[in-house]
Amino acid sequence: MKIVKNITEFYHSLVNDEKLLRLLYYMPKDQHDDHDPLDGLKMDVSQLPEKDSILNNLIVIGDKTSDLASETNICRICLYTGPRMPQKNDLPQLTDNPYSSTQQYVFDIYTPISVNTIDFRLDWLGEALNEVLFQEDVEEFGDLRFHSGLPITNTPKGFVGYRWIYIMPSGQQPMGFRS
């Protein structure tokens with residue numbers, strides 16, 4: 001099992017992706033604000049003086065939304081582990097493999113409704129998340145597979161959310177009797 005290693009690598013990949021950070025941080029002011037969050041004239045989020053504080057609010061390990069409010073005016077990705085299930089065998093005469101399992105990794109994206117209605121930010125962030133997780137040069141996520149996605153219905157007031165779930169198989173060595 002490499003759950004801590006995987007969560008750590010996911011986190012570092014997200015906080016080091018400037019496109020994702022810009023989409024999470026730079027919000028349009030109103031319907032007439034056509035400033036692109038990816039505009040090269042905007043400062044990189046990773047270069048802002050208060051970047052540590054900003055990153056701690058944009059990408060959070062765990063399902064933390066209690067501090068999100070309409071006036072917050074940021075988007076957020078919450079990253080945490082979901083259910084872990086033993087891998088099933090397809091043949092009825094075989095039992096499930098107790099040394100192999102599938103771990104779910106959950107990425108909840110929250111966006112202010114006011115921003116989402118301007119530029120579909122929730123969907124834009126979902127696309128950017130997939131780009132980060134499935135980059136060809138990121139070998140550590142090689143076994144990662146998309147599992148499912150669904151709207152989050154119990155979002156903080158003034159927010160919309162979408163849950164992206166990915167799975168990764170993992171094995172463990174049998175413990176017990178050794179000769």
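I take helices (H or I, at least four residues) and strands (E, at least two) as DSSP runs, numbered from the N terminus.

**Entry 1. Model and overall make-up**

I worked on a predicted model, in which local features need pLDDT of at least 70 and side-chain atom pairs count only at pLDDT 80 or more, while totals for chains, interfaces and linings use all residues. Residues are numbered from 1 along each chain as its sequence is written, and side-chain values use heavy atoms, with hydrogens and water left out.

I found 5 helices and 5 strands in the protein chain. Along the sequence, I read their pattern as α-α-α-β-β-β-α-α-β-β.

For burial I used relative accessible area: buried is under 20%, exposed is over 50%, and partly exposed lies in between (1.4 Å probe, protein chains only). By this criterion, 41% of the 179 residues of the protein chain count as buried.

I took contact as heavy atoms within 4.5 Å. Of the contacts in the protein chain with a separation of 6 or more, 63% are between residues 24 or more positions apart.

**Entry 2. The nonpolar core**

I defined a nonpolar core as a set of buried Ala, Val, Leu, Ile, Met, Phe, Trp, Tyr and Cys residues joined through side-chain atoms within 4.5 Å. The largest such core holds 43 residues, and Phe10, Leu14, Leu24, Leu58, Ile59, Phe107 and Leu129 have the most contacts inside it. I noted that at least two residues of this core come from each of helix 1 (3–15), helix 2 (18–25), helix 3 (51–58), strand 2 (76–87), strand 3 (97–112), helix 5 and strand 5 (159–171). Which element gives the largest share of this core? Helix 5 does, with 6 residues.

I then looked up Leu129. Leaving aside residues up to four places away in sequence, Leu129 touches Leu14, Leu20, Phe107, Ile109, Trp164 and Tyr166.

I compared each helix with its expected span, which is 1.5 Å times one less than its number of residues. Helix 5 (residues 121–133) has 13 residues and runs 18 Å from its first C-alpha to its last, close to the expected 18 Å. Its buried residues are Arg121, Leu122, Leu125, Gly126, Ala128, Leu129, Asn130, Val132 and Leu133.

Helix 1 also has 13 residues, and its span of 18 Å is close to the 18 Å expected. In helix 1, I listed Asn6, Ile7, Glu9, Phe10, Tyr11, Ser13, Leu14 and Val15 as buried.

Phe120 is exposed, because its relative accessible area is 58%.

My axes are lines fitted to C-alpha atoms, for helices over the stretch in contact, and angles run from 0 to 180 degrees between N-to-C directions. I count angles under 35 degrees as roughly parallel, over 145 as roughly antiparallel, 65 to 115 as roughly perpendicular and the rest as oblique.

Helix 2 packs on helix 5 at an angle of about 160°, with the axes 10 Å apart. The two helices are therefore roughly antiparallel to each other. Here Lys19, Leu20, Arg22, Leu23 and Leu24 of helix 2 meet Arg121, Trp124, Leu125, Ala128, Leu129 and Glu131 of helix 5.

With helix 3, helix 2 makes an angle of about 80°, and the axes are 11 Å apart. Helix 2 is thus roughly perpendicular to helix 3. I listed Leu21, Leu24 and Tyr25 of helix 2 and Ile54, Leu55 and Leu58 of helix 3 as making the contact.

Ser100 and Pro169 are 69 residues apart in sequence, and their C-alpha atoms are 7.3 Å apart in space.

Gly161 lies in strand 5 and is buried, with a relative accessible area of 7%. Its C-alpha is separated by 9.4 Å from that of Arg76, 85 residues away along the chain. Not counting residues up to four places away in sequence, Gly161 touches Ile109, Tyr110, Leu122, Pro151, Ile152 and Thr155.

Gly149 belongs to strand 4 (residues 145–152). I found Gly149 partly exposed, at 30% relative accessible area. With residues up to four places away in sequence not counted, Gly149 touches Tyr162 and Arg163.
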